[in-house]
Amino acid sequence: MKPRILILMHYMELGGAESALLGLLQSVDPARAEVDVFIYSHRGELMEFVPRDKVMLLPEMEAYSLTEKPMGEVVKRGYWRLAVTRMVGRLQAAAFVKKHQEDERPCECGTFFQQRMTWRVLPEIQPEVEYDLAISFLTPHYIVLNRVRAKKKVGWIHTDYTRIQVDVEAELKMWERLDYIGCISEEVGNRFCEVFPSLKGKLVQIENILNTDFIRSRAKEEAVSLCEDASVVKLLTIGRFSPAKKMEDIPFLCRRIREKGIDVRWFIIGYGSKEIEEVVRENAEKEGVADHVVILGKKKNPYPYIQACDLYVQPSRYEGKSITVREAQILCKPVIITDYPTALSQVQDGVDGVIVPMEVEACAARMAEFIADVSRQRRIVEYLQTHDYGNENEVNKIYDLLR
């Protein structure tokens, strides 16, 4: 009898974790395990790519679909207890932020506090089934801990925990109940252990799984021209408008690079915080580069845009292991990333991309130097063309957890 695996995910919007899950599902071997996928809300551009021939997509449950929808809709549909527990979680998160307001790191604990309360009023998932392995692909992990029957349970980490505010005492109680904690790189695991040293023994390294054939085929689905002028250097950044991605610095960097005599146009594919998006627009106006920083919004298929750019840039404050950087490398584009703490787990500096300083002036200077060095870019492209960045075999590490 084949083992049964359940994978939990919030939704399938465009994003790094969602793309990583898609890569995992596409790499599943139905002959080795039966895989059920429960997605709280069946929304997002990536839903259509869930491989129904390899996994069983479980029906949406209304209560779960409402966990991240507007509170008015929750009340309108009669889920009062869910609305109340969500509100209590919000108040707890606000109190935590107020108590730690001197900590300048971004707080990403809102969903944690809410789910810590809401799981109590949510129904069990597949109560008639005891799975051999249950995977919660995005934190928090209270649902897999309390609403799923499984012999072993895994929770994933996708970010650098030293760069965000978390309620360490409360989160520790959640993490230590898991059998394993999946981390996407050694460096991400090391950073996690700086915050939660007692959990080191639970870590298993399973990298984000990327399907190269899928990425390359989607890149060919449409022809995109970012700029007709061949003399303009086309830069591209993809990501959510959030503190982690540091997109508000892009106008400053763009102006400084142009001041060095390099004609660049910087394209941004992104969505998320409207406030941060507006800051990017305002900064572009202030810096006089409104015509050179182009926000393209959300794109269902970002790969033709990667294919059309000259260089891919990730100017983040922190990352776990950026999916879009790896996707750009698969499409043989020179990449530039900032020197965030986990950068060395992503790029071999000077070999398959370059790492530039975080500070704006130094970042712009190094970027301009690299953009002007066409021969160095060519060497990196040649390296990318001869190396396979697909890693579908990482799925075997999940099968190993069943032993």
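The face of helix 7 turned away from its buried side carries Glu 169 and Lys 173, both exposed (exposed meaning over 50% relative accessible area, buried under 20%, and partly exposed in between, with a 1.4 Å probe and protein chains only). Helix 7 spans residues 168-175, and within it Ala 170, Glu 171, Met 174 and Trp 175 are buried; helices (H or I, at least four residues) and strands (E, at least two) are DSSP runs, numbered from the N terminus. Seen down the helix axis, these buried residues fall within an arc of 135°, so they line one face of helix 7, the arc being that of the directions from the helix axis to the C-beta atoms. In general, an α-helix has 3.6 residues a turn, so residues three or four places apart point the same way. The cover over the buried residues of helix 7 includes helix 5 (110-118), helix 6 (142-146), strand 5 (153-157), strand 6 (180-183) and helix 8 (186-195), where contact means heavy atoms within 4.5 Å.

The model is predicted, and local features need pLDDT of at least 70, while side-chain atom pairs count only at pLDDT 80 or more and totals for chains, interfaces and linings use all residues. Residues are numbered from 1 along each chain as its sequence is written, and side-chain values use heavy atoms, with hydrogens and water left out.

Ile 125 lies in the loop between helix 5 and strand 4 (133-136) and, at 1% relative accessibility, counts as buried. Leaving aside neighbours within four places in sequence, Ile 125 is in contact with Leu 6, Leu 8, Phe 38, Tyr 64, Ile 143, Arg 147 and Val 148. The C-alpha atoms of Ile 125 and Ile 337, which are 212 residues apart along the chain, are separated by 40 Å.

Thr 212 is placed in helix 9 (residues 212-219) and counts as buried at 8% relative accessibility. With neighbours within four places in sequence again left aside, the contacts of Thr 212 are Ile 330, Asp 388, Tyr 389, Gly 390 and Glu 392.

Helix 10 (residues 250-259) and helix 14 (residues 360-372) pack at an angle of about 50°, with their axes 9 Å apart; axes are lines fitted to C-alpha atoms, for helices over the stretch in contact, and angles run from 0 to 180 degrees between N-to-C directions. That makes helix 10 oblique to helix 14, since angles under 35 degrees count as roughly parallel, over 145 as roughly antiparallel, 65 to 115 as roughly perpendicular and the rest as oblique. Phe 252, Leu 253, Arg 256 and Ile 257 of helix 10 meet Val 360, Glu 361, Cys 363, Ala 364, Met 367 and Ile 371 of helix 14.
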